[in-house]
Amino acid sequence: TKCHPARGILVNEYTRGGNPIFPAGDEFEHNNLWGASVAFDCTWPDHWDRAKDVPVKSSFEDTYTAATRSKVLERWEEYLGK
């Protein structure tokens with residue numbers, strides 16, 4: 001959810017260090033050990049005001065009511081299949 005699908009995915013089509021057994025590679029890539037790489041920019045956007053725009057972290061303790069947490073914890077072993 002932190003990576004913008006259009007601006008946050010950085011593709012480098014040809015990089016050194018490809019793998020000759022990479023099944024999606026073409027003949028040129030296999031013969032020259034070229035490959036591709038991708039990087040996902042999941043950093044906070046520069047335009048965000050960190051004092052007000054950063055979302056609150058969600059957690060079990062903060063998201064659910066005490067009654068719901070208690071019910072889940074009472075049956076936790078059952079959920080794990082033990």
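Start with the cysteines: the structure holds zero disulfides, a disulfide being a pair of cysteine sulfur atoms within 2.5 Å. Select C3, and you'll see that the nearest cysteine sulfur, that of C42, is 4.5 Å away. C3 has a relative accessible area of 21% and is partly exposed; C42 is partly exposed at 38%. On that scale, buried means under 20% relative accessible area, exposed over 50% and partly exposed in between, with a 1.4 Å probe and protein chains only.

Before moving on, a word on what you're looking at: this is a predicted model, where local features need pLDDT of at least 70, side-chain atom pairs count only at pLDDT 80 or more, and totals for chains, interfaces and linings use all residues. Residues are numbered from 1 along each chain as its sequence is written, and side-chain values use heavy atoms, with hydrogens and water left out.

Colour by pLDDT next (the predictor's confidence in each residue, from 0 to 100). The protein averages 86, and 96% of its residues reach 70 or more. Helix α3 (residues 66-74) has the highest confidence at 96, while helix α1 (residues 27-32) has the lowest, at a mean of 84. Helices here are DSSP runs of H or I with at least four residues, strands are runs of E with at least two, and both are numbered from the N terminus.

Which residues form the nonpolar patch on the surface? Select I9, V11, V38 and F40, which together have about 380 Å² of accessible area. Strands β1 (9-16) and β2 (34-40) each give two or more residues to the patch. V38 lies in strand β2 and is partly exposed, at 45% relative accessibility. The areas are Shrake-Rupley values with a 1.4 Å probe, and for residues only the protein chains shown count as cover.

Last stop, the rings: a search of the whole structure finds three aromatic pairs. Rings of Phe, Tyr and Trp (its six-membered ring) pair if their centres lie within 6.5 Å; planes under 30 degrees apart are stacked, over 60 edge-to-face and the rest tilted. One of the pairs is F60 and Y64, tilted, at 5.8 Å centre to centre and 50° between the planes. For W76 and Y79, the centres are 6.3 Å apart and the planes at 90°, so that pair is edge-to-face.

Terms used:
Patches are made of residues with over 30% relative accessible area and no salt bridge: like charges are joined within 9 Å, nonpolar side chains (Val, Leu, Ile, Met, Phe, Trp, Tyr) within 5 Å. A salt bridge is a side-chain nitrogen of Lys or Arg within 4 Å of a carboxyl oxygen of Asp or Glu.
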